[in-house]
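Some terms used for a model like this rest on cut-offs.

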Amino acid sequence: MENLLSLSFDYLSSFDGVKIRKGLRQLEGLLAQLCLSRTTTAAERRRSMAPNGVSKPGPKDLASLSEDPAFLEFFKLQEGFEWNVAIRLISCLERLLGKGSNGQNDLLLVSTLDLLRGILLIHPPSRALFAREIYMNLLLDLLDPSSCPAVQSSAVLTLVTALLDQPNITRCFENLDGLLTVTSLFKNRATSREVKLKLVEFLYFYLMPETAPHAGPEKVDGGGGLQRSPSKASKLGSGSRSKSEGEEGTRTTDEKQRLLGRYLNNVEDLVEDLKETAPFGASFG
């Protein structure tokens with residue numbers, strides 16, 4: 001497994017788009033082997049046959065993953081810097097973002113973001129990387145109005161995955177004017193309808209009440225209107241937050257509503273809709 005990861009990382013570190021694509025495909029193939037079940041019996045093969053006659057393996061259940069030696073080996077490798085996939089994909093994103101926007105580069109950005117989301121779901125401790133300003137800023141820079149809609153949509157979904165069950169990372173997002181970035185893109189007339197729908201879904205997700213994580217994520221050694229400045233440093237020491245809203249603290253929906261209300265009107269309607277529909281299994285006391 002280390003040999004395959006090493007080869008993939010070499011390709012990802014290249015500035016050649018063909019090599020980067022090859023590295024992404026190798027990683028995607030590895031994750032498919034780890035997470036997709038193999039059909040063994042004739043009945044299973046028949047059930048998994050697609051209309052075009054191509055067999056589609058289904059995902060493994062979580063119980064089987066926790067007992068899979070190959071998956072456990074991969075998970076263990078992710079705990080250190082050398083073999084961590086997320087940090088390599090983030091570095092790849094940085095290089096791709098520096099090359100500007102064009103058709104082929106945008107496709108590579110979307111593919112890299114898609115794979116990064118998968119890694120963050122498979123290995124939740126890697127989400128801790130986005131508690132670092134430099135990496136959170138990278139996601140926010142991808143939400144620039146000049147980015148293509150496909151990149152913007154994929155970046156929104158990746159942002160949701162990074163913030164999932166991570167109040168401290170959400171505080172980093174807020175400190176770096178993340179709400180300004182999201183709402184500015186939403187209010188921009190040039191933003192596509194599809195991206196705006198993704199942004200509304202993100203706001204519903206953001207407004208959900210937070211619960212403190214049972215255990216902090218293991219840290220991976222990473223070594224239209226107002227516009228947020230790219231890679232904006234956070235403003236520390238403002239003294240505007242209470243102790244319960246510290247870096248490791250959580251916020252209620254009401255607290256988030258007040259924050260979001262600085263940049264967006266009619267946030268009350270979003271909150272009422274959120275309480276009525278209770279998406280994602282949310283519970284409001």
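The model is predicted: local features need pLDDT of at least 70, side-chain atom pairs count only at pLDDT 80 or more, and totals for chains, interfaces and linings use all residues. Residues are numbered from 1 along each chain as its sequence is written, and side-chain values use heavy atoms, with hydrogens and water left out.

Q: Why is Glu 272 called partly exposed?
A: Buried means under 20% relative accessible area, exposed over 50%, and partly exposed in between (1.4 Å probe, protein chains only). Glu 272 has 44% relative accessibility, so it counts as partly exposed. Its place is in helix H14 (residues 267-277); helices are DSSP runs of H or I with at least four residues, and strands are runs of E with at least two, numbered from the N terminus.

Q: Why is helix H10 said to be largely enclosed by the rest of the structure?
A: Of the 9 residues of helix H10 (residues 167-175), 9 are buried, so the helix is largely enclosed. Among them are Arg 171 and Glu 174.

Q: Which helices do the buried residues of H10 pack against?
A: They pack against helices H8 (133-141), H9 (149-163), H11 (178-187), H12 (193-207) and H13 (253-260). Contact means heavy atoms within 4.5 Å.

Q: How many helices and strands does the protein chain have?
A: The chain has 14 helices and 0 strands.
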